[in-house]
Amino acid sequence: MAMKLEKVVPFGRSLDEYVQMFNLTKSDLNKRILGVGDGPASFNAEATKIGVNVTSIDPIYQFSGDEIRKRFNEVVDYIIDQIQASPDDWIWSYHKSPEDLKSNRIAAINKFISDYERGKLEQRYLIGELPQLNFKDKEFDIALCSHFLFLYSDHHDYQFHFDSIQEILRVSQQVRIFPLLTLMLQRSPYLDRIIQEFRKLGYTVSIVKVGYELQKGGNEMLLIGERGSGIGDRGSGTKEGGHGRHGGQLLSYQLTVIS
């Protein structure tokens, strides 16, 4: 794969963040979970410790732990500086400050690195990327896509989003995507059409408010699943239509992935 590590910001998130971003219940954590674009999240490491069945895929797994950590160290202060320069674009509830965010990202990558080699041997960290996945049909119950689809709408077009979600739904009964904003804090221009097209295909589609918010206004996830999967009545229901505002300076640093 042609990924260039210098184009990546390897930010990862914790199990607790995944629980809040995706409204994960105890029942959910008893299912087969696929993390799409997990990067150096500690979600897999922490979830595996408590017996959760998680497989993470990301093209970044072609690199060594030392290479991933080195890249993190190269960019973390730059990203935190940009966040501090745009204070009105962020909600400091889960993370209490930019410094707290940095500490939490360091903690996440440390847990990831400590688990990475063992996880690769156990095939919990697999090299893979959208829009094609090397899994059997319905191999997973829930797929989680954190900070990739919709966030990078300026980098990936509508067809990529449609094909990617369709492929995720081939390998999983259900997909949850968070957040629904772009890097510029605007609702993704592809969201409404995705909702319409997947409803036409017979899927149940809902936008659900969640308890996690870092990007201002980024407190909703998209749930898509097969009819009868019980997802239509979760959370605050479906809220369609675009809204948003032009956000801070994060796009001044051209990135491929913030994960």
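Two strands count as paired here if DSSP finds at least two bridges between them. Helices (H or I, at least four residues) and strands (E, at least two) are DSSP runs, numbered from the N terminus.

This is a predicted model, in which local features need pLDDT of at least 70 and side-chain atom pairs count only at pLDDT 80 or more, while totals for chains, interfaces and linings use all residues. Residues are numbered from 1 along each chain as its sequence is written, and side-chain values use heavy atoms, with hydrogens and water left out.

Now for strand 5 (residues 142-146). Five of its five residues are buried, where buried means under 20% relative accessible area, exposed over 50% and partly exposed in between (1.4 Å probe, protein chains only). I142, L144 and S146 point one way from strand 5, with A143 and C145 pointing the other way. Strand 5 pairs in the parallel sense with strand 2 (residues 32-36) over four bridges, and four bridges also join strand 5 to strand 6 (residues 174-178), again running parallel.

Here are some of the residues that stand opposite each other:

| Residue | Opposite residue | Strand of the opposite residue |
|---|---|---|
| L34 | A143 | strand 5 |
| L144 | R176 | strand 6 |
| L34 | T55 | strand 3 |

Strand 2 is largely enclosed by the rest of the structure, because four of its five residues are buried. Strand 2 also pairs with strand 3 (residues 53-57), in the parallel sense and over five bridges. To get from strand 2 to strand 3 the chain goes through helix 2, making a right-handed β-α-β crossover. Right-handed means that, with the strands pointing away from the viewer, the path from the first strand over the helix to the second runs clockwise. Strand 5, helix 5 (residues 158-171) and strand 6 make a right-handed β-α-β unit too.

L144 turns up again in the largest nonpolar core, as one of the residues with the most contacts inside it, along with Y18, F22, F43 and F112. A nonpolar core is a set of buried Ala, Val, Leu, Ile, Met, Phe, Trp, Tyr and Cys residues joined through side-chain atoms within 4.5 Å. This core has 41 residues. Helix 1 (15-21), helix 2, helix 3 (65-84), helix 4, strand 5 and strand 8 (220-226) each give it two or more, and helix 3 has the largest share with seven residues.

Finally, a pocket. The lining of the second largest pocket consists of A45, E46, T48, K49, K111, S114, D115, R118, E122 and R124. Helix 2 (43-49) and helix 4 (98-121) are the elements giving two or more residues to that lining.

Notes. On a 1 Å grid over the protein atoms alone, a cavity is a set of points where a 1.4 Å probe fits but cannot get out, and a pocket is an open set with protein on both sides within 12 Å along at least five of seven lines; lining residues have an atom within 4 Å of a point.
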